[in-house]
Amino acid sequence: MPKQKIKEKKPKRKAAAEAPEKKFKIYALLRGMHDVLPREEKYWKLLYHTAENLAEHFQFSRIETPLLEEANLFIRSIGKGTDVVDKEMYIFEDRDGNKVALRPEETASAARAYIMHGMWNMSQPVKLWYWGPMFRYDRPQAGRYRQFNQAGYETLGDGDPSADAELILVAHNFYKDLGLPVEIHINSIGVPEERQRYKTALVEYYRGKRSYLCDDCKQRLNKNPLRLLDCKQERCQPVKEDAPQIIDWLEEESKNHFTKVLEYLDELAVPYILRSTLVRGLDYYTRTVFEVYPVVGDTETPTYVGGQQSALGGGGRYDLLVQEMGGKPAPAAGFSLGIERSVSALKQYMDANQIKPPIQKFDAYLAQLGDHARRRALKAINELRNSGLKIDYNFSKNSLKSQLEAANSLQVPYALILGQKEVQDGTIIIRDMESGVQEIVDQKKVENVLKKKLSWFDDDKKK
Ligand code: AMP
C-alpha cells in the first residue's frame with residue numbers, strides 16, 4: 001500500500017484534552033489491600049526472625065507454595081458452606097479456562113505438596129513452616145484485609161497429642177519471644193461422626209429457640225450450625241450459654257486425646273483457656289482446635305479482646321485431610337498466625353507500655369564532607385562492610401552537624417568523619433559518640449581500630 005494512503009486517525013478532541021490528566025493519574029490501592037511501608041520494617045523483621053528462629057529450633061523446614069492453585073483444592077479441603085469458600089475466595093478462570101484461586105490459606109497447599117512430592121516416604125513427621133501472603137475477599141475493616149500475611153507451622157504424619165502440644169508451644173513461644181501477652185483458647189471438636197451427632201443435638205436445641213435468635217443465626221441454623229456458637233449478638237447470648245457442649249459428645253478416644261494435649265500443656269507451663277464454643281471456621285479440623293488472642297489490660301487482671309476479628313492466629317488437628325485429598329492416610333496438625341494483626345497488637349502494646357520499638361544496630365556512622373570525601377566514603381563503607389562491620393551513612397546530608405545528629409539518633413557508638421583534609425592525608429577521624437573524644441587514624445587501620453574499640457577481639461569472636 002502506498003505510503004500516502006495510510007490514513008492517520010485524528011485523535012478525538014475530547015480524548016486529547018484528557019490526555020495530560022491520564023498521564024498523571026495517581027493510582028489508589030484496591031479495596032482491602034495495603035502497603036507495608038519502610039517505617040513498619042523493624043516490626044516485620046522482628047516477627048520474621050522470631051518465626052524463623054522458632055522454626056529452626058523446633059525443626060520445621062521452610063516450604064513455599066504458589067499463590068495460585070486449582071480452585072478445587074481449597075473448595076474440597078476447606079469445604080462448601082464455609083465463609084472462606086462461599087464468600088471470600090478470589091476465584092477466576094485463567095486464559096485456558098481453568099478454575100483457579102488465590103490461596104486463602106496454606107494448610108491445603110502444604111497437604112497437597114506432602115502428597116505430590118511423596119513426603120509420606122520420608123521419616124515422619126514432616127514438619128513444615130511458611131510465611132507469605134494469603135487472599136480473602138472479605139469485607140475490609142480494621143485488622144481485616146483482602147491480602148494479608150500469615151506465618152504457619154504444620155506437622156504431617158503424626159497423630160500423637162504431643163504434636164498438638166508442640167505446635168501450641170511454638171505459638172506460645174512466638175508471642176513470648178516478642179514480649180506480647182496473649183491467651184490461648186482451646187477446645188476439641190471431635191471426629192466427624194461425633195461432630196455430626198453434636199450438630200443434630202445443637203440444631204434441635206436451637207430450633208426450639210428460633211424466635212429469640214438474630215437473623216444471621218436463623219440462617220446458620222440451616223447452613224452451618226456450628227457457627228451458631230460464634231455469634232456475638234447480645235440477643236443470642238442467653239441461648240448460646242445454655243446450648244449443649246461438644247465435649248459431652250466426644251467418645252473415649254477423642255476425650256483421651258484432648259486430655260493428653262492438656263496434660264502436655266500443663267507440663268510445659270503453657271497457659272490456656274478451655275472454650276467450649278470454639279469451633280473454627282474450616283471443615284477439615286478434627287479434635288484439637290485453638291486460637292490465640294491478644295491480652296489487654298495489665299497482666300494481673302487481663303481481659304481478652306474476644307471475637308473472630310481480634311484472633312491473632314489459630315489452628316488445630318486435621319487428621320483426615322491428607323487422605324481426603326487422595327493421599328496415604330496421615331494424621332496432621334498445624335496453625336497459622338496473622339502477621340498484620342500481630343504487628344498491630346505488638347505496636348499497641350509497646351505504645352501503651354512505653355516500650356521503644358526495636359532499632360537496627362549499626363557499629364558506626366560514616367559522615368562525609370565534600371565531593372572527594374563522598375567518593376572515598378563509599379569505598380570505605382564497602383571495605384568495612386566486607387570486613388563484617390555495619391556502617392550507616394546518608395549522602396544526601398552535607399553538613400557535619402546533621403550527620404552527627406543522625407548518628408546520635410541511631411545510637412551508634414562511633415562516627416567516622418571523612419573531610420577533604422582526611423582524604424588528602426589518607427586518614428579518618430573516629431569520634432566516640434558518648435564522650436565526643438576524637439582520634440585521627442590511618443584509613444588502612446580504621447577497621448582494626450574500630451573493631452578493637454567495639455571489643456570484637458575481647459572474647460576472640462565477632463559480636
Ligand atoms: P484463620 O485460619 O482464618 O483463623 O486465620 C488465621 C489468622 O490469620 C487470623 O487469626 C488472623 O490473624 C489472620 N487473618 C485471617 N483473615 C485475615 C484477614 N482478612 N486480614 C488480616 N488477617 C487475617
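Ser 455 is partly exposed, with a relative accessible area of 33%. The cut-offs are these: buried is under 20% relative accessible area, exposed is over 50%, and partly exposed lies in between, with a 1.4 Å probe and protein chains only. Ser 455 belongs to the segment after helix 16 (446-453). Helices (H or I, at least four residues) and strands (E, at least two) are DSSP runs, numbered from the N terminus. The phi of Ser 455 is near 60°, a positive value in a residue other than glycine.

This is a predicted model: local features need pLDDT of at least 70, side-chain atom pairs count only at pLDDT 80 or more, and totals for chains, interfaces and linings use all residues. Residues are numbered from 1 along each chain as its sequence is written, and side-chain values use heavy atoms, with hydrogens and water left out.

Gln 411 also has a positive phi, near 55°, and is not a glycine. Find Gln 411 in the loop between helix 14 (400-409) and strand 15 (414-418). Gln 411 is exposed, at a relative accessible area of 54%. Most residues other than glycine have a negative phi, and most peptide bonds are trans. A cis peptide bond joins Gln 124 and Pro 125, with omega about 0°. Pro 125 sits in the loop between helix 5 (107-116) and strand 5.

Now the whole chain. The protein has 16 helices and 17 strands. Its radius of gyration is 29 Å, well over the 23 Å that the globule rule gives for 463 residues, so the protein is more spread out than a compact globule. That radius is taken over C-alpha atoms, and the globule rule is 2.2 Å times the number of residues to the power 0.38. Along the principal axes, the C-alpha atoms fill a box of roughly 90 × 85 × 50 Å. Buried residues make up 47% of the 463. Of the contacts with a separation of 6 or more, 70% are between residues 24 or more positions apart. Contact means heavy atoms within 4.5 Å.

Next, the aromatic rings. Rings of Phe, Tyr and Trp (its six-membered ring) pair if their centres lie within 6.5 Å; planes under 30 degrees apart count as stacked, over 60 as edge-to-face and the rest as tilted. By this rule there are 15 aromatic pairs. Take Tyr 90 and Phe 135: their ring centres are 6.4 Å apart and their planes stand at 85°, so the pair is edge-to-face. Tyr 90 lies in strand 3 (residues 90-93) and Phe 135 in strand 5 (residues 126-135), so the pair ties together parts 45 residues apart in sequence. Tyr 90 and Phe 135 are both buried.

Trp 129 and Tyr 153 make another pair. Their ring centres are 6.0 Å apart and their planes are at 20°, so this pair is stacked. Trp 129 is in strand 5 and Tyr 153 in strand 6 (residues 147-156), so the pair ties together parts 24 residues apart in sequence. Trp 129 and Tyr 153 are buried too.

Which ring has the charged end of Arg 62 over it? That of Trp 129, with the charged end 4.9 Å from the ring centre. The charged end of Lys 127 sits over the ring of Phe 60, 5.0 Å from its centre. A charge sits over a ring if NZ of Lys or CZ of Arg is within 6 Å of the ring centre and within 35 degrees of the ring normal.

Helix 6 is mostly covered, with 15 of its 18 residues buried. Just after helix 6, Gly 179 takes a positive phi of about 85°.

Two loops remain. Gly 370 is in the loop between strand 13 (364-368) and helix 13 (371-386). Gly 370 is partly exposed, at 29% relative accessible area. C-alpha to C-alpha, Gly 370 and Lys 328 are 69 Å apart in space, and 42 residues apart in sequence. Lys 356 lies in the loop between helix 12 (339-352) and strand 13. Lys 356 counts as exposed, at 67% relative accessibility.
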